[in-house]
Amino acid sequence: MRIAVYGTRSYDRRFLTAANAAHGFELSFLDAPLSPATALLAQGHEAACVFVNDVADRAALEVLAEGGVQLLALRCAGYNNVDLAAAEALGIAVVRVPAYSPHAVSEFTIGLLLALDRRIHRAWSRVRENNFALDGLVGRNLHGRVAGVVGTGQIGALVARALRAGFGCEVLASDPVVDAGLEAIGVRYVEREVLLREAEIVTLHCPLTPGTRHLIDARVLAAARPGLVIVNTSRGALIDTAALIEALKQRRIGGVALDVYEQEAGVFFDDLSSEIVEDDVLQRLLTFPNVLMTGHQAFLTEEALTAIGETTLRSVADFAAGRSLPNRITPEQVRPA
Ligand code: NAI
């Protein structure tokens, strides 16, 4: 099997090459992300491997299919960037890595929350300049606060558990599927509206679907508790960024920690420190003292990258051998929630 690996970074090369020792596939590492314009690069490959910001829309998939690609292997969990119906119509099977390390993302989420809430990132930049003053660094205890977890799947459940059992928060949860284990430790399932109105901290862990797009919008922000802290390590478009900026300007938001951003494609994963970044919304977000951003980094642990490499190539091996694909994702699985 020949696999065109789009949007390759040093860590992708390292961990996919290590996982490939068990398979011996021909891996073509491409710097370019997948788009309709770059899909031609996969010509002659049976599989294409993509990540979160590659654009696998109908136009790109058509070119991939014409070039011989029969399998699209997502080296990530989310699949909102893939036109699954088009893939199916073109005879391209789509597989993903449903869970490579929920711990990686959940631990990073807690890290972001603590850093934001206790001003650790600001303290570090001060101390490096020998500024040891504490003014402006007053934080809040997590203990006793009301935290709302939207989506208690693999990642959200770990976050809810850490907040409830570890920090002693009052935890509200919203998910069409109730986790009885979480209820047993005192996590309370409520309607999403109630959660978003009552929580002092909201952390997002549901997938991006038509039903969850902009689940935090102007209306939700207006009804939320003053000083709300928002953490998003799921997908950027769960939040209406323009509405968030407006609420931040009105000083109604306590803080925001984002590992994902609505328009992150074409910006995240690249070093743009010497470039003029044209995204004014992103640039405005970065000016707020109570906004902490990272560039889609929550998954980035040795354990997760090892699991991603192994699961991705196991799916390719299953496909090549004509076996069933346990990690296959089909249009039927994307139901508006
Ligand atoms: P999961 O599939 O285990 O859990 C998602 C949960 O969301 C499920 O329990 C589902 O029932 C629930 N859900 C669906 N619609 C909902 C709605 N309308 N309201 C509330 N809950 C809803 O997925 P997992 O592994 O926990 O990942 C969650 C998300 O995290 C992924 O969709 C992905 O976008 C994101 N992610 C981000 C990473 C990063 O590096 N920042 C890395 C991995 C995943």
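Two strands are counted as paired if DSSP finds at least two bridges between them. Strands (E, at least two residues) and helices (H or I, at least four) are DSSP runs numbered from the N terminus. The structure is a predicted model, in which local features need pLDDT of at least 70 and side-chain atom pairs count only at pLDDT 80 or more, whereas totals for chains, interfaces and linings use all residues. Residues are numbered from 1 along each chain as its sequence is written, and side-chain values use heavy atoms, with hydrogens and water left out.

Strand 1 (residues 2–5) pairs with strand 3 in the parallel sense over 3 bridges, and Val 5 stands opposite Cys 49. Strand 3 also runs parallel to strand 4 (residues 71–74), to which 4 bridges join it; here Val 50 faces Leu 74. Within strand 3 (residues 47–50), Ala 47 and Cys 49 point one way and Ala 48 and Val 50 the other, and all are buried (under 20% relative accessible area, with a 1.4 Å probe and protein chains only).

An open sheet is formed by 7 strands in the order 8-7-6-9-10-11-12, with parallel pairing. Its edge strands, strand 8 (188–189) and strand 12 (291–293), each pair on one side only. Helix 4 (residues 102–117) packs on this sheet and touches strand 9, strand 10, strand 11 (253–258) and strand 12, contact being heavy atoms within 4.5 Å. The direction of helix 4 makes about 145 degrees with that of strand 10; axes are lines fitted to C-alpha atoms, for helices over the stretch in contact, and angles run from 0 to 180 degrees between N-to-C directions. Strand 9 (residues 201–204) and strand 10 (residues 228–232) run parallel and are joined by 4 bridges.

How values were computed
Buried < 20%, exposed > 50% of the residue type's maximum accessible area, 1.4 Å probe, protein only.
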